[in-house]
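Please look over the model below with the following notes to hand. They are set out as numbered points.

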Amino acid sequence: MKRISIRGGEFSLVGDNQQEVLSSDSIDVIIVNAAPVSRSYFGSQFDPNKSTAPICWSDDTQRPSSNVPQENMQARRCMDCTQNVRGSGENGGRACRFQQRLAVVFEGDLEEVYQLQINALTIFGKVVGGNMGMQEYARHLSSHGTAVISVVTNIMFAKDSVVPKLYFKPVRPIDTDTGIKVAKMVVHEDTKRAITSFVPATSEPSPFGVVEGGFNINAN
């Protein structure tokens, strides 16, 4: 599975044992689908410079996944978990991290799907000078009756953040022919894989009407 890495404050294409740096500023993509917001807990052995699998995780932010080994399960419900308490993680945050997987394509190659994994700062970020976090962006487009898959989206690094954080803003609508091709990619196997495949956390952060924990891909 190909993905877009944001490690080191750069957008890079990763796949086929190769990595290509695209930009340290921003990229333009079309978001074709997204997984619900999920959570992952890595424990005290977490090293941001190494790829590691989580100890416990939740696919819906409510309860641990059924795939979590019994001995690793931190609580029966996320709301009761001590790893979900502010201050349990670094810098006063939560030890159990929010994340979301997006499936995106570039205008120049609509059939090549990339996974982009975003963190809590990016998911829940507020509006700053017209730039938006993911959920604010989805709300903005939905309020204008616009589907996220119907526009080119600019994704940029937040210059005011010391940790990787992304902003989103619309660039322009896509044309009819592009829209037909993009619509087919929404349910493509590569798209499904991009929003369901877990990429172990590294130093990178571990549409369409909005709902908590995700969004659907059509505007209301």
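1. Leaving aside neighbours within four places in sequence, Arg77 is in contact (heavy atoms within 4.5 Å) with Gln62, Arg63 and Pro64. Between Arg77 and Pro64 the C-alpha to C-alpha distance is 6.9 Å, at a separation of 13 residues in sequence. Arg77 lies in the loop between strand S6 (56–58) and S7. With a relative accessible area of 32%, Arg77 is partly exposed; buried means under 20%, exposed over 50% and partly exposed in between, with a 1.4 Å probe and protein chains only.

2. On the source: this is a predicted model, in which local features need pLDDT of at least 70 and side-chain atom pairs count only at pLDDT 80 or more, while totals for chains, interfaces and linings use all residues. Residues are numbered from 1 along each chain as its sequence is written, and side-chain values use heavy atoms, with hydrogens and water left out.

3. A cavity here is a set of points on a 1 Å grid over the protein atoms alone where a 1.4 Å probe fits but cannot get out, and lining residues have an atom within 4 Å of a point. The volume of the largest cavity is about 110 Å³, taken as the space filled by probe spheres set on the points, with grid points joined across faces, edges and corners. S6 gives the largest share of this lining, three residues; strand S5 (38–41) and S6 each supply at least two.

4. Which aromatic pairs deserve a look? The structure holds four, where pairing requires ring centres within 6.5 Å, and planes under 30 degrees apart count as stacked, over 60 as edge-to-face and the rest as tilted. Phe98 and Phe124 are edge-to-face, because their planes stand at 85 degrees, with centres 5.3 Å apart. This pair links distant parts of the chain, 26 residues apart: Phe98 is in strand S7 (residues 96–106), and Phe124 is in the loop between helix H1 (120–123) and helix H2 (134–143). Phe124 is partly exposed at 30% relative accessibility. Phe106 and Tyr114 also form an edge-to-face pair, at 5.6 Å and 80 degrees, and both are buried.

5. Arg39 lies over the face of Phe98, at 3.9 Å from the ring centre; the criterion is NZ of Lys or CZ of Arg within 6 Å of the ring centre and within 35 degrees of the ring normal.

6. Of the 220 residues of the chain, 48% count as buried.

How values were computed. Rings of Phe, Tyr and Trp (its six-membered ring) pair if their centres lie within 6.5 Å; planes under 30 degrees apart count as stacked, over 60 as edge-to-face and the rest as tilted. Helices (H or I, at least four residues) and strands (E, at least two) are DSSP runs, numbered from the N terminus. On a 1 Å grid over the protein atoms alone, a cavity is a set of points where a 1.4 Å probe fits but cannot get out, and a pocket is an open set with protein on both sides within 12 Å along at least five of seven lines; lining residues have an atom within 4 Å of a point.
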